[in-house]
Amino acid sequence: CQPALTVIDVFREIHTGDENDSTAMKHIMDLLQTLFRHRALLLLHHSKKISHDDTHPDPTQVARGSSYITGRVDAIWFLYRESLSIVSRFSEHLTIKGSQQANGLWDFPALETPSTLALRVSKLCADWPQASHNAIATMARDQWGISRATIYRIWQTMPCVHSRSS
């Protein structure tokens, strides 16, 4: 089996180490990196208890265990009170409003489909053929809140009207 994505639900179930001990967590994270090299890994992990008064907690501060865990991962996705906060080492911090449906699934109506987003990016490229991709990525971020990483992923899947200059 060569899965593109593996989900571990929950992180605590795969180790017996002290999650507050950075040495123990380094050992676990090193093992996971070795096992899932060149694959996506989604670790579900619980947060600490959050005060009801805290309406916008920082995802990096409310994660349980050693800060080594949050420092080692590429991104933290934190569902809390009708929003998804994403802290990523590859793009800007993002918060998306959503709602949980009766069946437990989440809906994020403000998110665009990948094809709609690609059309918008393609039009921006066509409107600014003399601009570099770096400049267009900045425009997309400023106009629509699209991260640089997202825009470059889109360019990998679509033809563009100008060269891919930086």
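This is a predicted model: local features need pLDDT of at least 70, side-chain atom pairs count only at pLDDT 80 or more; totals for chains, interfaces and linings use all residues.
Asp 127 is partly exposed, at 44% relative accessibility. An α-helix has 3.6 residues a turn, so residues three or four places apart point the same way.

Across the whole structure, 6 salt bridges are found. Another of these joins Lys 26 to Asp 30, with the closest N and O atoms 2.7 Å apart. Both residues belong to helix H1 and lie 4 residues apart, about one turn of the helix. Lys 26 is partly exposed at 40% relative accessible area, and Asp 30 is partly exposed at 29%. Together with Arg 72, Lys 26 and Asp 30 are linked in a network of salt bridges.

A salt bridge also connects Glu 19 with Arg 64, the closest N and O atoms being 2.7 Å apart. Glu 19 lies in the loop between strand S1 and helix H1, and Arg 64 in the loop between helices H2 and H3, so the pair ties together parts 45 residues apart in sequence. Glu 19 is buried, at 9% relative accessibility, whereas Arg 64 is partly exposed, at 31%.

In helix H5, the buried residues are His 133, Ile 136, Ala 137, Met 139 and Ala 140. Their arc around the axis is only 160°, which means that they lie on the same side of H5. These buried residues pack against helices H4 and H6. Just after H5, Gly 145 adopts a positive phi of about 75°.

Definitions and conventions:
Residues are numbered from 1 along each chain as its sequence is written. Side-chain values use heavy atoms; hydrogens and water are left out. Buried means under 20% relative accessible area, exposed over 50%, partly exposed in between (1.4 Å probe, protein chains only). Helices (H or I, at least four residues) and strands (E, at least two) are DSSP runs, numbered from the N terminus. The arc is that of the directions from the helix axis to the C-beta atoms. Contact means heavy atoms within 4.5 Å. A salt bridge is a side-chain nitrogen of Lys or Arg within 4 Å of a carboxyl oxygen of Asp or Glu.
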